[in-house]
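This report describes the overall dimensions of a protein chain, one of its helices and some of its aromatic contacts. The model should be kept in view while reading.

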Amino acid sequence: MIKNMAKKAMLAALAMVFAACQTTATQEERLAPRRSTSVVRLDDIKKEIGENPVKAIDLIGIYREIYSVTQNDNENWNDLVQLENDALETLRLHHASAIEKERWDDAASLSRSLAGLGIETEAGTEADYILAGAKQKLADNNDLGAFLGAVQAHELRPLDFDSGLLFLERAVNVKQRRAAAFFLSAAESAGGEIPGDMRSFAMGRDTVSDMLNGVATVIVDKGIRIEAGRGFPDRVIGSAFFVDASGLLVTNYHVISSEVDTKYRGYSRMYIRMGDPTSPRIPARVIGWDKAMDLALIKTEFEPEFVFSVVDRVIPMVGDTVLAIGSPGGLEKTVTSGIVSTLSRRFLQIGDVYQIDAAINYGNSGGPVVDNVGRLVGIVFAGIPSYQGLNFAVPAERLAAALPAMIAGGKAQRPWLGLTLNETNSGAEIIYVAPNTPAMQHRVPENSIIKTINGREITAAQGALIPAIQDVIFQSRPGELIALETIDTDGVQNRRVIMTVARPEIPLLDAAKIDRRERMAAPLFGLILSPSQGGSSSNYTVRKVVRGSVADEAGISERDPVAIRRMRIMEDRGIALLDIAVQKRRMGFIETTMQLPAWLDSPDTF
């Protein structure tokens, strides 16, 4: 009898061990990254070479990852090498054709893809093509596009004297003093004599009274709103400022969203007003918009008395005095003063924003923020529900980066790989790879550290690394090649050349719909899990908590046991809700049930 009891106890213990192993295996499976189900054939690559060699090169990289093709696999290896050579030769021909036909934007784009492959071209550099495009725009009287291109070229390689003088002369002619000051500095650095009248204008200073003539009130008429059986005018009031003498203005996306939102079914008409409420309404239309940056470019048939320059790359210091100009409550041409409170708040999908303490109210959104010498510092945006009474501004340097895509018209397209990052002491750690994205197709490993992008090591002050990485790739267009070098957890370095795609409007929405809730805990809530010993398949141990994340704010810490109950996606509100039971070590492992909310448009993705 004793032997039978011992046997039963042994069997029970073995069963428990077996169950625990099964549970751990299930947990590991749930946490494992999804693998691409793509099937790539050599014929697929051949079809792309002629029309889209960039795509062909991307497919070659995916093919090698999927089928683990190595040099020992002589037949496939030799076929791929031949296809790659053909694709590279076609890419060079496309690049040469773009130069010959003076399609300078395409030439610059193709040169960036070639640079991602480590190939230099003899016909010139990206800076050459951007500068040639800027001069072409100048000849076409597209001053805004010309100035933006010239500044971008100057950042890649300083302008020569003749080019600096060319753009300086145009800036003086169209009375853009800040643009003139920029090109004066560029021309002086290159050496040469500057005409005295140009120098005098560039070294002058615009007054606030001058600037007021370049700021407009934006009115979006949405018809009549019915409340309790009574009708009220439904209007959105905002501010905007001219960035080109042709009648182009910048404002916030949320001010004009009803004009372009395909889900909006109501009446919507947009106007601007240059004076008080008795001034005429001037019809306006949307040219382009960038929802991720809360920016929009609008056009009206009005010749402004003042145009704000967007070429300054001024980054203010904390404590600097700034002025905000706009129409709070529709009270046009209101100027308020304050200081820059901080430079790095992460409230938008891309980059960071400034916090300012200048008085801002409903109607200020979209107005300019300038420093005490008249340089454009940012664009006001307000209305973050969680931070009532605090005011923010999109940095002017990010407006300059966003404008070319908005000038092209329609929704601005940003490049996207499908990665979510966490800034650590070692660098930018990849904590999540989204399904059905370029990064997943190339099997970029999670928990690896980004070493370089296009051969460039990205460095930034603490808390600013992810925005700096975003800035590097967001200068390019979707469909270009990006060289991504990572260091895996075992110290192995890997270099992948990946073609970007257009960034989704809500980056993590599709992932949240199809990926497991255990995996979505990392990019959405900052909760990085690992399998736990014993318990059910929904029980985990916290391996890491992303600093500043929802989980961090909730007081969850490493090695806390967590049980995931459910996750809900509220697409109409753009949020996800995660229900968990956590035993916090700091509270004596007393189990607490909580619900974690998170926005689906995480700012830590690229």
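## Burial and helix α3

A residue counts as buried when its relative accessible area is under 20%, as exposed when that area is over 50%, and as partly exposed in between. The model is a predicted one, and by this criterion the buried residues of helix α3 are Pro53, Val54, Ala56, Ile57, Asp58, Leu59, Ile60, Gly61, Ile62, Tyr63 and Ile66. Because 11 of the 15 residues of α3 are buried, the helix is largely enclosed by the rest of the structure.

The length of α3, which covers residues 53-67, can be checked against expectation: at 1.5 Å a residue its 15 residues should span 21 Å, and its end C-alpha atoms are 21 Å apart, in agreement. Just after α3, Ser68 adopts a positive phi of about 50°.

## Overall dimensions

The protein chain contains 18 helices and 25 strands, and its C-alpha atoms fill a box of roughly 110 × 70 × 45 Å along the principal axes. For 606 residues, a compact globule would have a radius of gyration near 25 Å, and the 28 Å of the protein chain agrees with this.

Of the 606 residues, 51% count as buried, while the accessible surface of the chain comes to about 28,000 Å², of which 49% belongs to carbon and sulfur atoms. Among the contacts with a separation of 6 or more, 60% are accounted for by residues 24 or more positions apart.

## Aromatic pairs

The count of aromatic pairs, with ring centres required to lie within 6.5 Å, comes to 10. One of them joins Phe347 and Phe392 in an edge-to-face arrangement, with 4.8 Å from centre to centre and 75° between the planes. Since Phe347 lies in the loop between β8 (334-345) and β9 (353-356), whereas Phe392 belongs to strand β12 (residues 391-395), the pair ties together parts that are 45 residues apart in sequence.

Elsewhere, ring pairs link Phe147, Phe167, Phe182 and Phe183 into a cluster.

## Charges over rings

Which ring does the charged end of Arg177 sit over? That ring belongs to Phe201, and the charged end of Arg177 is 4.4 Å from its centre. Arg281, in turn, lies over the face of Tyr271, at 5.5 Å from the ring centre.

How values were computed. Residues numbered from 1 in each chain as written. Predicted model: local features only at pLDDT ≥ 70, side-chain atom pairs only at ≥ 80, totals over all residues. Heavy atoms only, no water. Phe/Tyr/Trp six-rings, centres within 6.5 Å; stacked < 30°, edge-to-face > 60°. Helix = DSSP H or I, 4+ residues; strand = E, 2+ residues; numbered from the N terminus. Lys NZ or Arg CZ within 6 Å of the ring centre and 35° of its normal. Expected span 1.5 Å × (residues − 1). Buried < 20%, exposed > 50% of the residue type's maximum accessible area, 1.4 Å probe, protein only. Rg over C-alpha atoms; globule rule 2.2 N^0.38 Å. Contact = heavy atoms within 4.5 Å. Areas by Shrake-Rupley, 256 points an atom, 1.4 Å probe, with all protein chains shown as cover.
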